[in-house]
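Subject: Structure handover

Hello,

Here is the structure I promised to pass on. Please load it first, then read my notes below.

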Amino acid sequence: MKIAVRYFSRGGNTKKLAEAIAAALGVEAMDLSVPLVDKVDLLFLGSSVYAYGVDGKVRNYLEDNAIRIGKLVNFSTAALISGTYQQISKIAEQNDIPLAQEEFHCRGSFAMLHKGRPNEADCAAAADFARQVVGG
């Protein structure tokens, strides 16, 4: 099974989760500046919520790489809302990208909120989530 991990992170919160997921799966986490060259069976895509939505770079990445994504797995961080699944599901549907029902979300630190998050326990939970998704 070919797996890739990509993320968009302004403050480093989502990057921490991406690196934990990638390490658990034996692949490298890369930011959205790295396109998918070949088709992947699973793309773990990390993003966050900025002003109640995902950054436009996430939308563009999915649009540009849609034909190379077998199935999309969403993970995210956010300080105030419960994740990016709804926004990602709309983008995936518009681009005919199958989206896993499973998702991972944890709090991310922002200003004075949720200091230190994601923490070690969050990263361990993200790694466990990734292993469960791939069946290991």
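At the start of helix 4, the backbone nitrogen of Ala 121 has a side-chain oxygen of Asn 119 within 3.1 Å. Keep in mind that this is a predicted model.

**Helix 4**

Helix 4 covers residues 120-134. Its 15 residues should span 21 Å at 1.5 Å a residue, and the end C-alpha atoms are 22 Å apart, which agrees. The buried residues in helix 4 are Asp 122, Cys 123, Ala 126, Ala 127, Phe 129 and Ala 130. They sit on the same side of the helix, because their arc around the axis is only 155°. Glu 120, Ala 121 and Gln 132 are on the other side, and they are exposed. Just after the helix comes Gly 135, with a positive phi of about 85°.

**Aromatic rings**

How many aromatic pairs does the whole structure hold? The search finds two. Phe 44 and Phe 129 make an edge-to-face pair, with 6.4 Å centre to centre and 90° between the planes. Phe 44 belongs to strand 3 (residues 40-48) and Phe 129 to helix 4, so this pair ties together parts that are 85 residues apart in sequence. Phe 44 and Phe 129 are buried.

Phe 104 also pairs with Phe 129. Their ring centres are 5.8 Å apart and the planes are at 40°, so this pair is tilted. Phe 104 is in strand 5 and Phe 129 in helix 4, so here the parts tied together are 25 residues apart in sequence. Phe 104 is buried, as is Phe 129. Phe 44, Phe 104 and Phe 129 form one aromatic cluster.

**Cysteines**

A disulfide needs the sulfur atoms within 2.5 Å. The count of disulfides is zero. Both cysteines are buried: Cys 106 has a relative accessible area of 5%, and Cys 123 has 17%.

**A backbone point to check**

Asp 96 is not a glycine, yet its phi is positive, near 55°. Asp 96 lies in the loop between helix 3 (85-94) and strand 5 (99-107). Is Asp 96 buried or exposed? Asp 96 is exposed, with a relative accessible area of 68%.

Best wishes

Methods: Residues are numbered from 1 along each chain as its sequence is written. This is a predicted model: local features need pLDDT of at least 70, side-chain atom pairs count only at pLDDT 80 or more; totals for chains, interfaces and linings use all residues. Side-chain values use heavy atoms; hydrogens and water are left out. Buried means under 20% relative accessible area, exposed over 50%, partly exposed in between (1.4 Å probe, protein chains only). Helices (H or I, at least four residues) and strands (E, at least two) are DSSP runs, numbered from the N terminus. The expected span of a helix is 1.5 Å times one less than its number of residues. The arc is that of the directions from the helix axis to the C-beta atoms. A polar contact is a pair of N or O atoms within 3.5 Å; within protein, one must be able to donate a hydrogen and the other to accept it, and residues adjacent in sequence count only if both atoms are side-chain atoms. Rings of Phe, Tyr and Trp (its six-membered ring) pair if their centres lie within 6.5 Å; planes under 30 degrees apart count as stacked, over 60 as edge-to-face and the rest as tilted.
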